[in-house]
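Open the model in your viewer and keep the sequence beside it. The stops below are given in the order in which to select them.

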Amino acid sequence: MQQIQILLPIYNNEGESFQSDLYSDIKGELVEKFGGLTAYSRSPAKGLWKENEAKLVQDDIVIYEIMADQIDQAFWKGYKEKLKKLFEQDEIVIRATEITLI
């Protein structure tokens, strides 16, 4: 079983919030495809990374998590490109971890 997490920004590069219906549409698509979803959106997570040696960048994010039997690389590659365009981002993090259900 695979746990897939999608890290989505709350603000665009100008600091403006994305419309809530954007997140609703994504949730709907993922629930339709995978049968369920967990959203960590009540209190945004903080993403930090070094853009270069002198600049630390911070981003507020929500995390969508789904479980799937296996990873469909073609689907996720295309979906990632779609999300990058929707959120006007150079990168969207989608990560997968193998899990064991107890």
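Select glutamine 89 and phenylalanine 87: a polar atom of the glutamine 89 side chain lies 3.0 Å from the backbone oxygen of phenylalanine 87. This is a predicted model, in which local features need pLDDT of at least 70, side-chain atom pairs count only at pLDDT 80 or more, and totals for chains, interfaces and linings use all residues. Residues are numbered from 1 along each chain as its sequence is written, and side-chain values use heavy atoms, with hydrogens and water left out.

Glutamine 89 sits in the loop between helix H2 (73-86) and strand S4 (93-98); helices (H or I, at least four residues) and strands (E, at least two) are DSSP runs, numbered from the N terminus. Is glutamine 89 buried or exposed? Its relative accessible area is 17%, so it is buried (under 20%; exposed is over 50%, partly exposed in between; 1.4 Å probe, protein chains only).

Next, select phenylalanine 18 together with phenylalanine 87. They form an edge-to-face aromatic pair, 4.9 Å centre to centre with 75° between the planes (ring centres of Phe, Tyr or the six-membered ring of Trp within 6.5 Å; planes under 30 degrees apart are stacked, over 60 edge-to-face, the rest tilted). The two residues are 69 apart in the chain. Phenylalanine 87 is buried at 0% relative accessibility, and phenylalanine 18 is buried at 13%.

Move to helix H2, where tryptophan 76 and tyrosine 79 lie 3 residues apart, about one turn of the helix. Both are buried. Finally, show Phe34, Phe75, Trp76 and Tyr79, which ring pairs link into a cluster.

Terms used
Polar contact = N/O pair within 3.5 Å; in protein donor to acceptor, adjacent residues only side chain to side chain.
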